[in-house]
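Dear colleague,

I am passing on the structure below, together with some notes on what turned up when I went through it. Please read the notes with the coordinates open beside them.

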Amino acid sequence: MSFSKFEHVKISGISVVVPEDEINIYDEAEYYGGSIKKIDRMRKMVGFWKRRVADKNTTPSDLAYNAAQNLIKEMHIDKKSIDALVFVVQQPDVISPATAYFLHDKLGLSKDCIATDINQGCAGWVFGLHMVSQMIESGAYKKVLLLNGDTPSVNIDKSDRNSAPIFGDGGSATLLEYSEDKIESFYSIETVSSGFEAIVPPFSGARFGLYSIQEDEVFEKISEIRKEKVIMPTGNEVALFGGYLDGISVFDFTIKAVPKNIKDFLEYLNLTSTDIPVLCLHQANKQIVQSVGVEAGFDVEKVPYHAFENYGNSTMCSIPTLLACLDKNIDKEKMLCCGFGNGLVVASSLLNLKDTYISKVENFVKPTYVKTRDEYVDYWRKKIKGE
């Protein structure tokens, strides 16, 4: 296992937004046979309660843009001082170019500011911090804006009780800066790539030939597969064209690899769970969060799941959302944050957030540039025609 250490990277600010539309699990009693007792059991065990969901016209970049706008305004950031924009996303606006260029333009950043995407899922915030920290520690960049956004709830059938109650949407913006003063941060990232197929949308890219949709035979094949349903060993019926989730493999990875990574990381740091005020885990669900925490040697009281309970699993945005939910009086000098998910990857970090500005969770305000699907199609018709 490899570890990284940085000495001059300050996490100056964090901003989080979530969609305004809230779904309460008690309003979905129809999916539980009208039984409030069953819902109570699910809430106690898994932590289901409320989640925030975006509409179909909102993309991850829209959420990230709003979070960035809030952070820039609240911290009075000079846009000209931002040297790099890094957008962590797994649902980009378009396949190419990087959606970061779109965000760069909309935010009005300098031509001297580089922009790029990183394709990551649930571990994306910690993974992004690690990559940006390397950029800053190298001395090449002084101030970097890290953006994260995801809309996992969009296109999930509400009747799918395996996924719908879990996922919420969100966006976050994090400002990292070079610090003359010594500010230590540590990372441990472990890649279990043999589990690559455990969480994947298999028909979403070039391997399937999706980019050849203009060919009649490919278009017809996609139309056929979109209608096909497959019965899993669990008895659940899933759409073949959708995302694939091997729940048993993912759970096995989570319960075994994640706690071990955290324990090995603490040993490397020469720390114990008693030295850490809060273990901030990716908010997969209450059961997973608490199981991982306890297995890693933490008292359950030190492993909160507030973000999942109130906003749902917003994948890569769940840790910054949790940080925004924590008591402001908690000592944040040694914050242990761990993201884990598709890849399969575990990304742990020890961060000094003592002087970090962390906003409260804000409601998403849709940017004026957002178009409906029909408006977007019409826009490109006219653009191609030169109108």
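In which helix is the place of glutamate 220? Glutamate 220 sits in helix 5, which covers residues 216-227; helices here are DSSP runs of H or I of at least four residues, and strands are runs of E of at least two, both numbered from the N terminus.

Before going further, please keep in mind that this is a predicted model, in which local features need pLDDT of at least 70 and side-chain atom pairs count only at pLDDT 80 or more, while totals for chains, interfaces and linings use all residues. Residues are numbered from 1 along each chain as its sequence is written, and side-chain values use heavy atoms, with hydrogens and water left out.

As for the whole chain, there are ten helices and 17 strands, and the C-alpha atoms fill a box of roughly 60 × 55 × 40 Å along the principal axes. The radius of gyration is 21 Å, which agrees with the value near 21 Å for a compact globule of 387 residues; the radius is taken over C-alpha atoms, and the globule rule is 2.2 Å times the number of residues to the power 0.38.

The structure holds 13 salt bridges, each defined as a side-chain nitrogen of Lys or Arg within 4 Å of a carboxyl oxygen of Asp or Glu. One of them pairs arginine 161 with glutamate 28, with 3.1 Å between the closest N and O atoms. This pair links distant parts of the chain, 133 residues apart: arginine 161 is in the loop between strand 7 and strand 8, and glutamate 28 is in the loop between strand 3 (22-24) and helix 1 (36-46).

The bond from serine 96 to proline 97 is cis, with omega near 0 degrees, and proline 97 lies in the loop between strand 5 (84-88) and helix 3 (99-107). A cis bond also joins glycine 343 and leucine 344, with omega about -5 degrees; leucine 344 is in the loop between strand 15 (335-341) and strand 16 (345-351).
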